[in-house]
Amino acid sequence: MVWTMSEIVRSSSVMQKLQSEIRNHTGRKQNVDEVDILKMTYLKMVVKETLRMHPPAPLLMVHESLSHCQVDGYDVLPKTSALINEWGIGRDLRVWGDNAAEFYPERFENFEVDFEMVPFGGGRRSCPAMNISLASVELVIANLLYSFNWEVGYGMKNEDLNMEEVGSLVVRKKFPLCLVPTKYNWED
Ligand code: HEM
């Protein structure tokens, strides 16, 4: 959620497009609910793009081979530890093109994700909480943007927000995200 908010605040066009989608689909009421978010296609693209660029577990978890196998011509012996570089997969120029380092949710308009990114891992030991995690992130982000506009404040420009990472197995922002909300006025 923190990485998603950070990327949204850094780009005024993403924030505006997302707020229009959320407010148009929700209408004027107390808050966005689970049914409202089903129709929000841009919101889903924004969350996907965040997971591509900022996978919370950049190397997934350590896996161990059970038996001897070959991968790409390399012999993998039993009990070999394997780390999957999900961070690298999400930034591979061959998959994502020259703008791989850019936050560009629209790339998912014409791109059905299969194994091009695996922020929740894959196979039998993948994250069992994938669906609830995605739904929770979408619901919280939608509500934050529905009721408020956000800025970095304190005289700083939104696009200059610090995005440095820290951590190893789980990566988080080096500096905590601190934003200033302004209540959205439907009459404006
Ligand atoms: C955006 C949020 C989350 C992400 C990106 C994420 C990602 C991951 C990843 C990459 C793995 C390792 C998969 C592998 O090694 O192939 C994993 C495993 C796991 N996750 Fe998550 N996770 C998230 C949220 C959650 C939540 C909220 C829970 C619990 C409520 C959870 C419970 C678990 C469990 C129990 C495993 C171990 C599964 C196993 O070893 O069989 N995760 N997760």
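Helices (H or I, at least four residues) and strands (E, at least two) are taken here as DSSP runs, numbered from the N terminus. The structure is a predicted model, in which local features need pLDDT of at least 70 and side-chain atom pairs count only at pLDDT 80 or more, while totals for chains, interfaces and linings use all residues. Residues are numbered from 1 along each chain as its sequence is written.

**The whole chain**

The chain holds seven helices and eight strands. Its C-alpha trace spans about 65 × 35 × 25 Å along the principal axes.

Next, colour by burial. A residue is buried if 20 or more other C-beta atoms lie within 10 Å of its own, exposed if 12 or fewer, and partly exposed in between, with C-beta atoms placed from the backbone. By this criterion, buried residues make up 19% of the 188 residues in the chain.

Contacts may be displayed as well; two residues are in contact if their C-beta atoms, placed from the backbone, lie within 7 Å. Among contacts between residues at least 6 apart in sequence, 69% join residues at least 24 apart.

**Helix α1**

Select residues 2-10, which form helix α1. Trp-3, Thr-4, Ser-6, Glu-7 and Ile-8 are buried there.

**Helix α4**

Which residues of α4 are buried? They are Leu-43, Met-45, Val-46, Val-47, Glu-49, Thr-50, Leu-51, Arg-52 and Met-53. The buried residues of α4 pack against α1, α2, α3 (34-37), α5 (86-90) and α7.

**Two helix pairs**

Axes in this section are lines fitted to C-alpha atoms, for helices over the stretch in contact, and angles run from 0 to 180 degrees between N-to-C directions. Angles under 35 degrees count as roughly parallel, over 145 as roughly antiparallel, 65 to 115 as roughly perpendicular and the rest as oblique.

Show α1 together with α4. The two helices pack at an angle of about 110°, with their axes 9 Å apart; α1 and α4 are therefore roughly perpendicular to each other. Trp-3, Thr-4, Glu-7 and Ile-8 of α1 meet Val-46, Val-47 and Thr-50 of α4. This contact has four nonpolar, two polar and one charged residues. In these classes, Ala, Val, Leu, Ile, Met, Phe, Trp, Tyr, Cys and Pro count as nonpolar, Asp, Glu, Lys and Arg as charged, and the others, Gly among them, as polar.

Val-14, Lys-17, Leu-18, Glu-21 and Ile-22 of α2 make the contact with Tyr-42, Leu-43 and Val-46 of α4. By class, the residues of the contact of α2 with α4 divide into six nonpolar, no polar and two charged.

**The ligand surroundings**

The shell consists of 13 residues, the closest being Met-61, Gly-121, Cys-127, Ala-129 and Ser-133. It comprises nine nonpolar, three polar and one charged residues.

**Individual residues**

Select Leu-60, in the loop between α4 and β1 (63-64). Leu-60 has a positive phi of about 50° although it is not a glycine. Is Leu-60 buried or exposed? Leu-60 is buried, because 23 other C-beta atoms lie within 10 Å.

Tyr-154, in the loop between β5 (148-151) and β6 (165-167), also has a positive phi of about 50° and is not a glycine. Tyr-154 counts as exposed, with 7 C-beta neighbours inside 10 Å.

Select Gly-155, found in the loop between β5 and β6. Gly-155 is exposed, with 5 other C-beta atoms within 10 Å. Draw a C-alpha to C-alpha distance from Gly-155 to Arg-125: the two are 30 residues apart in sequence and 46 Å apart in space.

Finish at Ser-20, in helix α2. Ser-20 is exposed, with 11 other C-beta atoms within 10 Å. Ser-20 and Leu-145 are 125 residues apart in sequence and 9.6 Å apart in space, C-alpha to C-alpha.

Notes:
Near = placed C-beta within 6 Å.
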